[in-house]
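The points below proceed by topic and may be read alongside the model.

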Amino acid sequence: MTNSSNKYILMVIAAVLLSACSITKKYERPTTLSTDRLYRDEASTDSATIADMPWQSVFKDEKLNALIQKGLDQNLDLKNAIENIVQARASLRQSKLVYYPTLQLDASTTHSKQSEASLNFGGANINTLTTTYKLGLSTSWEADIWGKLSSSKRAALATYLATDAAKQAVQTQLISDIANNYFLLLAYDKQLKITQETLESRIKNVATIKDLKEGAIVTGAAVVQSEANQHAAEVLIPDLKQSIRETENALNILLGQAPGPIERGELGTQIIPENIAVGMPSQLLQNRPDVRQAEFNFRVAFESTNLAKTYFYPSLTLTASGGFSNLELKDFFSNSIFYSIIGGLTQPIFNQGKNKLRLTTAQSQQLQAYNNFQQSLLTAGQEVSNALYSYQMAVEKEDSRQKQIEALEKAVDFTQQLLEYSSATNYTDVLTSEQNLLAAQLSGINDNLQKLQAVVNLYRALGGGWK
């Protein structure tokens, strides 16, 4: 190779290295992404957020916390998410190894036979057997001129981080599901208890109405109505028992175990954090695992676009091989050395438009990933807004609901007394007040459940539970 050729190659390589930085771009979070007004009617500038609290501090019920810990240890979806991290970590390690040259060992023995006609032997064929022994090493290395290998490594890293964020999202959802089902189970327990107490009262009321009929104070219609009122309470009980059984089974699935009873506390003993702080919307970018996962997926697509651009430019590959080769094994390591070193640039010229189509696809996928990123942030803001408003409405109903129940309890007492000791009322008034009281009591339990579940949903929506 002439000196002018060497200079030309060096000039090409230098130009390549100087222009490499213009091929691929460094990732930066899109400036078009906005977190303003994500929380409806909320404009907090305080960074304090319930999401920073560990779940053991959010939930004070020891039995609930034991269930959550068991779920984190045994839930099958969470175990699969962890295995996804193992796979992504392996891919990341593999992406780092591409910077190193490959090395292969080749040891072979070749037997070859040739046949040729000889006039000295009357045209007979003579077979010549040749044995060649060979031992060699070969290596190949591709220079990362255009950032192809770097982009691949960064894409693998982003994929790994996305799977880690996905695992965290599964964990936060799991904690939320366990807590919500636990509180639902406590609500069913309380409703069943109140309904059973109401049934006992109505059974006694039937006996009382029959006595009043004997005294000619009420008619037979009142007796029949009281019995119907008793049965109306009775039919609620099987439905509540079925709901309890199904909720227990659902909890066991979350815990990764077979259906069975769930040890639990009572609804009235539940304590929730006094300060429900939501922080600033921009904190969702760091706290919400699914939002972080969406951004990492966008970074994967971003690096894939970088990678697609590099295919339009030449690749520089260095290969080398060397070893020993000889016809005689006894002389194998003497006068049998061979080696070769090859450096080459491969420039794509025509490959049926694959490079252009690859880039078009990558750019389209990058746009989709950005849209998904933006959608995940909007969804997070919606979930925070809904959970916070649900909590506020539950608190707003508490005082009025309690006053309603107290008023209906008095109404039941008054109408029953009037029925027994005077003719100023009829049994329809008693029946109406009793039915309204039971409905209000059950609604009051639902209000309490709404408040507890709103805190759980707000905790998850803000990204709590994985830190």
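1. Tyr182 is buried, with a relative accessible area of 0%. Phe183 is likewise buried, at a relative accessible area of 3%. Both values fall under the 20% limit for burial. These two residues form an aromatic pair of the edge-to-face kind, with 6.0 Å from centre to centre and 65° between the planes. The model discussed here is a predicted one.

2. Overall composition. The protein contains 11 helices and four strands. Of its 467 residues, 39% count as buried. Among contacts with a separation of 6 or more, 82% are between residues 24 or more positions apart.

3. The largest nonpolar core. This core has 66 residues, and the members that touch the most others are Phe59, Leu64, Ile68, Ile178, Phe183, Leu458 and Leu462. At least two residues come from each of α2 (55-58), α3 (62-74), α5 (148-214), α7 (236-254), α8 (284-287), α9 (289-310), α10 (354-421) and α11 (427-461). The largest share, 13 residues, is supplied by α5. As for Ile68, its partners beyond four places in sequence are Trp55, Phe59, Ile175 and Ile178. There is also a second, separate core of nine residues, including Ile209, Leu212, Tyr427 and Leu431.

4. In total the structure holds six aromatic pairs. A pair of aromatic rings is described by the distance of the centres and the angle of the planes. Through ring pairs, Tyr27, Phe298, Phe302 and Tyr370 are linked into a cluster. Elsewhere, Arg292 lies over the face of Trp466, at 5.0 Å from the ring centre.

5. Helix α6. Which residues of α6 are buried? They are Ala222, Val223, Ser226, Asn229, Gln230 and Ala233. These residues cover an arc of only 120° around the axis, and they therefore lie on the same side of α6. An α-helix has 3.6 residues a turn, so residues three or four places apart point the same way. The buried residues of α6 pack against α5, α7 and α11. The length of the helix is also as it should be: α6 (residues 220-234) has 15 residues, which at 1.5 Å a residue should span 21 Å, and its end C-alpha atoms are 21 Å apart, in agreement.

6. Helix α9 and Thr305. Helix α9 has 22 residues and reaches 32 Å from its first C-alpha to its last, close to the 32 Å expected at 1.5 Å a residue. This helix is mostly covered, with 16 of its 22 residues buried. Thr305 has its place in α9. Is Thr305 buried or exposed? Thr305 counts as buried because its relative accessibility is 5%, and burial means under 20%. Apart from neighbours within four places in sequence, Thr305 is in contact with Leu359, Ala362, Gln363 and Gln366.

7. Arg37. This residue is found in the loop between α1 (3-19) and α2. Phi of Arg37 is near 60°, a positive value in a residue other than glycine. Most residues other than glycine have a negative phi, and most peptide bonds are trans. Arg37 is exposed, with a relative accessible area of 76%, and the limit for that class is over 50%.

8. Gln257. The loop between α7 and α8 holds Gln257. At 28% relative accessibility, Gln257 counts as partly exposed. Leaving aside neighbours within four places in sequence, Gln257 is in contact with Lys70, Gln74 and Asn252.

9. Glu246. Helix α7 contains Glu246. Its relative accessibility is 47%, so Glu246 counts as partly exposed.

Technical notes:
Residues are numbered from 1 along each chain as its sequence is written. This is a predicted model: local features need pLDDT of at least 70, side-chain atom pairs count only at pLDDT 80 or more; totals for chains, interfaces and linings use all residues. Side-chain values use heavy atoms; hydrogens and water are left out. A nonpolar core is a set of buried Ala, Val, Leu, Ile, Met, Phe, Trp, Tyr and Cys residues joined through side-chain atoms within 4.5 Å. Buried means under 20% relative accessible area, exposed over 50%, partly exposed in between (1.4 Å probe, protein chains only). Contact means heavy atoms within 4.5 Å. Rings of Phe, Tyr and Trp (its six-membered ring) pair if their centres lie within 6.5 Å; planes under 30 degrees apart count as stacked, over 60 as edge-to-face and the rest as tilted. A charge sits over a ring if NZ of Lys or CZ of Arg is within 6 Å of the ring centre and within 35 degrees of the ring normal. The expected span of a helix is 1.5 Å times one less than its number of residues. The arc is that of the directions from the helix axis to the C-beta atoms.
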